Amino acid sequence: MSAPMATAADGIGVLDSKGRKLAGVCAGIARHFDVSAKVVRIAFVVLALAGGVGVALYGLCFVVMRSTTTEPAIGDPTEVLREAAASWREGLGAGVVAAAVVVAAGGGWSVLLPVAAGAGTAMVLWRSGLGITHRGRIGAALMVVGAVLVGSAAPRLGDLQSFAFAVIVLLAGSVLLFGPWWLGMARALTAERTARIRAQERAEVAAHLHDSVLQTLALIQRRADDPAEVAQLARRQERDLRAWLNADETAAADTLHGALVRAATEIEEGHGVEVEVVCVGDRPLDDDTAALGAAAREAILNAAKFAGAGRIDVYAEASAERAEVFVRDRGAGFDPAAVPADRRGVRESIVGRMARHGGRAEVRSQPGGGTEVELSL
Amino acid sequence: MKRVVLVDDHALFRAGVRSELEGRVEIVGEAGTVDEAVALIERTKPDVVLLDVHMPDGGGVAVARRWGGRDDVRFLALSVSDAPEDVISVIRAGARGYVTKTIDAERLADAIERVAEGDAVFSPRLAGFVLDAFRGDARSDASDVDQLTPREQEVLRLIARGYLYKEVAHNLGISAKTVEAHVTSVLRKLQFTNRHELSRWAMEQGLD
């Protein structure tokens, strides 16, 4: 079969236009319930021969099944029932007329009842909107023919068989009619669950915004007279929100980039300067890269404390073979040769640390010209 | 003074930029939508258009594409976003630079000046993106625009380190004009390269 396998979960079956012998009802049902089309056909033929129930059932299926997967299945059977109930008079009328015809033709009670019921049902179906389609008309006609056949066959069969046929028709019809509705209910439940999950997500977003953005906005209003503090609050919040929106895990990552971002955030908050970290490539933290990160942190901290510049640029480039970090400010600068020996900052925590890990540190600075610290591994 | 048009859907932000740039450039108009912006540019023919990347009706990308590089009007993107796809898409649409909204007034005025002169403006972050995007070997059939020359890489690296153009020039022992030429060449590569990382972003924005 070339069409993709459908499952019962897709609701009502679809007429199989490719594998069809007649209208595609049997092939469609076979595909829908994943059974052999041959079995379904034999079942219909047997039902049709045994009193005509198969013909009526075929008509019913033809009416109810969809012609394509895109065509919506009959959704709510209560809707159909309401429509049908609205035309009960016509149904009754058709039943009475059919009964009169049977009586006129000399038929007995056993013929009269099924024919009248079949004609009435067909009229109701017709009135409920199914009659406007070609398919609906053929289906309804088949159902009437089936009902007539049942009626004419009934006297020859025992009561038991007649009863059994009626039950089979009823059951099959119910499954086909109410199946999709029931599945629709199940689907509505799923939709409801999805909606609940969405609401939960929304609540989480709201909670996050409440804890972060609204808090910061409240703080900003109270600190409105301190521009430096306000700028710092805004920047911290911006960084935080940006990371959250982009699901950016860099700050939490166990890499050189992550270490630099963490150091930058911490120093930004502590010293009210802007630290811009740009990283090309990355490398996981090991002893050496951790030392590089720590030395870089020290360099950023020095710049924040002593340079008096509003902004510090941190640029890192990392690959498996090498790693470099540049920390640059445009602040006061100093004469590296004139740094007193007791200024442990640069000598120990930067130069010494890099040397111990097989790296190198170079400080370029001049009074008034800013400072750049170059660290490499 | 350079004549500048502000395009941003937030009036409050336009007012902020206007007051910051007061006395440094001449703001000849403001627009809040793509249509308004195109009409305003048509009418005023400014030197530089400051372009917000995110606007409800297509944003700076739409404005730059609809204008299509006529009449020496230059576009400088000014955005809150520093997501690579935003940067790349607006550069590919024809912007000659990209700066984030946290830039201070002096740097912004400098960037406007530079873009008006026909140069490209790369923030440290944009330089970092470009280096990242052009990293690794290009395919063997790659053309010139798919890779950076060693000199271009050096220039970008210094910009990423926070160097101004004249400092880059000094550091490399070349003239500032040469630095500008390198940066403009990188911008051109950024606009025309078929490198996977960049064309993918552009494709997602429907630009290719």
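# Notebook: cavities, pocket and the A-B interface

I began with the second largest cavity and noted that strand S5 (97-100) and H6 of chain B each supply at least two residues of its lining. Helices (H or I, at least four residues) and strands (E, at least two) are DSSP runs, numbered from the N terminus. For cavities I used a 1 Å grid over the protein atoms alone: a cavity is a set of points where a 1.4 Å probe fits but cannot get out, and lining residues have an atom within 4 Å of a point. A pocket, by contrast, is an open set with protein on both sides within 12 Å along at least five of seven lines.

**Basis.** This is a predicted model, in which local features need pLDDT of at least 70 and side-chain atom pairs count only at pLDDT 80 or more, while totals for chains, interfaces and linings use all residues. Residues are numbered from 1 along each chain as its sequence is written, chains are lettered from A and ligands numbered from 1 in the order in which they are written, and side-chain values use heavy atoms, with hydrogens and water left out.

**Cavities.** I counted two cavities of 30 Å³ or more. For volume I took the space filled by probe spheres set on the grid points, which are joined across faces, edges and corners. The largest cavity holds about 50 Å³. I listed its lining as B:Leu6, B:Val7, B:Asp8, B:Phe13, B:Arg14, B:Val17, B:Leu50, B:Leu51, B:Asp52 and B:Leu78. Strand S1 (3-7), helix H1 (11-21) and strand S3 (48-51) of chain B each give two or more residues to the lining of the largest cavity, and H1(B) gives the most, three. By class this lining has seven nonpolar, no polar and three charged residues. I counted Ala, Val, Leu, Ile, Met, Phe, Trp, Tyr, Cys and Pro as nonpolar, Asp, Glu, Lys and Arg as charged, and the others, Gly among them, as polar.

The second largest cavity has about 40 Å³ of space. Its lining consists of B:Asp82, B:Val87, B:Tyr98, B:Val99, B:Thr100, B:Ser123, B:Arg125, B:Leu126 and B:Phe129. I sorted these into five nonpolar, two polar and two charged.

**Largest pocket.** I put the volume of the largest pocket at about 1300 Å³. It is lined by 45 residues, and those closest to its centre are A:Asp248, A:Thr250, A:His257, B:Asp82 and B:Arg125. From chain A, helix H8 (159-222), H9, helix H10 (256-271) and S1 each give two or more residues to the pocket lining; from chain B, helix H4 (84-92), helix H6 (124-133) and helix H10 (196-204) do. H9(A) gives the most, with ten residues. I found 17 nonpolar, eleven polar and 17 charged residues in this lining.

**Interface.** Where do the two chains touch? I found 20 residues of chain A in contact (heavy atoms within 4.5 Å) with 18 residues of chain B. I then looked up the buried area, the accessible area (1.4 Å probe) that two parts lose on being put together, summed over both. Chain A and chain B bury about 1700 Å² between them, 42% of it on carbon and sulfur atoms. On the side of chain A, A:Arg242, A:Tyr315 and A:Arg330 lose the most area, together 28% of what that side buries.

I counted nine residue pairs in polar contact between the chains, both residues at pLDDT 80 or more. A polar contact is a pair of N or O atoms within 3.5 Å; within protein, one must be able to donate a hydrogen and the other to accept it, and residues adjacent in sequence count only if both atoms are side-chain atoms. Helix H9 (227-245), strand S1 (274-280), strand S2 (311-318) and strand S3 (323-329) of chain A each give two or more residues to the side that touches chain B. The largest share, six residues, is from S1(A). By class that side has seven nonpolar, one polar and twelve charged residues.

**Salt bridges.** My rule was a side-chain nitrogen of Lys or Arg within 4 Å of a carboxyl oxygen of Asp or Glu. The structure holds 29 salt bridges over all chains, and five are between chain A and chain B. I noted A:Glu372 with B:Arg161, at 2.8 Å, N to O. A:Glu276 and B:Arg125 form a salt bridge too, with the closest N and O atoms 2.9 Å apart. A:Glu276 lies in strand S1 of chain A and B:Arg125 in helix H6 of chain B, so this pair joins two chains.
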